[in-house]
Amino acid sequence: MRRIDARSLRGLAHPLRMRILEAIELDGPATSSTLATRLGENTGTISWHLRLLAEHGYLEEDPDRGTKRERWWRVPDRTVLDPSEFLDDPETRRALDVYLRDLVERYYDRVRAYIDEDWPAEWQRAAGLSDWRDLHLTPEQLHNLNEELGAVIDRYTGTESADGAERVIVQLQSFPRRS
């Protein structure tokens with residue numbers, strides 16, 4: 001697991017780079033031409049952003065795929081971001097704002113796509129769009145809650161795909177609210 005530092009956060013905080021990274025995270029290794037087609041961009045622009053993402057450690061070339069003319073890119077490791085580390089640096093704070101706002105928009109788009117799709121009843125029953133509004137927690141309790149939920153999700157990550165299984169996204173947003 002790699003921690004995001006100020007320099008790499010500034011390198012990531014661009015809407016197209018974030019879309020590229022998400023596409024590879026969700027669908028696996030890809031080339032600039034497959035990403036260009038998927039994202040509706042030209043190959044040269046995608047290639048430039050791929051190299052920049054690699055320079056900041058978000059992507060690496062996949063040596064098991066491709067040829068000298070065709071470069072495949074993959075995500076090397078999971079990254080962790082602690083927003084509190086960037087509050088005192090105005091330039092990095094702007095990059096953090098771009099990153100977080102784009103992230104929230106992508107979360108929203110995922111939920112919207114699920115709602116717009118016609119899923120069978122068994123998937124509708126299994127899915128959940130919930131929130132819990134009556135929690136009163138300290139920062140430490142909220143941190144512990146997130147750690148415990150993450151541990152539960154980690155138990156299901158990488159499990160063998162069973163018959164009838166679909167790819168599932170679990171989104172968790174937990175934050176304080178001023179009264």
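How far apart do the end C-alpha atoms of residues 7-101 lie, and what share of the span is helix and what share strand? The end C-alpha atoms lie 19 Å apart, and the span is 55% helix and 9% strand.

## A first look

Welcome to this structure, which is a predicted model. The protein has seven helices and five strands. Read from the N terminus on, the elements follow the order β-α-α-β-α-α-β-β-β-α-α-α. The C-alpha trace spans about 55 × 50 × 30 Å along its principal axes.

The stretch from the opening question also has a label in a record. In an unreviewed entry, UniProt places the feature "domain: HTH arsR-type" at residues 7-101.

## Two helices that cross

Two packed helices are described by the angle between their axes and the distance between the axes. Here, helix 3 covers residues 32-39 and helix 4 covers residues 43-55. Their axes come within 8 Å and cross at roughly 115 degrees. The crossing of helix 3 past helix 4 is right-handed.

Which residues make the contact? Helix 3 contributes S32, S33, L35, A36 and L39, while helix 4 contributes T43, I46, S47 and L50. Sorted by class, this contact of helix 3 with helix 4 has five nonpolar residues, four polar residues and no charged ones.

Strands of a sheet pair through backbone hydrogen bonds, either parallel or antiparallel. In this protein, an open sheet of three strands shows antiparallel pairing, with the order 2-4-3. Its edge strands are strand 2 (30-31) and strand 3 (60-61), each of which pairs on one side only.

Strand 4 takes in residues 72-74 and pairs with strand 3 over two bridges, in the antiparallel sense.

## A salt bridge between strands

How many salt bridges does the structure hold? There are 17. One of them joins the side chains of R74 and E60, with an N to O distance of 2.8 Å. R74 belongs to strand 4 and E60 to strand 3. This pair links distant parts of the chain, as the two residues are 14 residues apart.

How values were computed: Residues are numbered from 1 along each chain as its sequence is written. This is a predicted model: local features need pLDDT of at least 70, side-chain atom pairs count only at pLDDT 80 or more; totals for chains, interfaces and linings use all residues. Side-chain values use heavy atoms; hydrogens and water are left out. UniProt positions are given in the numbering used here, feature names are shortened, and annotations may be inferred rather than shown by experiment. Helices (H or I, at least four residues) and strands (E, at least two) are DSSP runs, numbered from the N terminus. Axes are lines fitted to C-alpha atoms, for helices over the stretch in contact, and angles run from 0 to 180 degrees between N-to-C directions. A crossing is left-handed if the near helix is turned anticlockwise from the far one by less than a right angle, and right-handed if clockwise. Contact means heavy atoms within 4.5 Å. Ala, Val, Leu, Ile, Met, Phe, Trp, Tyr, Cys and Pro count as nonpolar, Asp, Glu, Lys and Arg as charged, and the others, Gly among them, as polar. Two strands pair if DSSP finds at least two bridges between them. A salt bridge is a side-chain nitrogen of Lys or Arg within 4 Å of a carboxyl oxygen of Asp or Glu.
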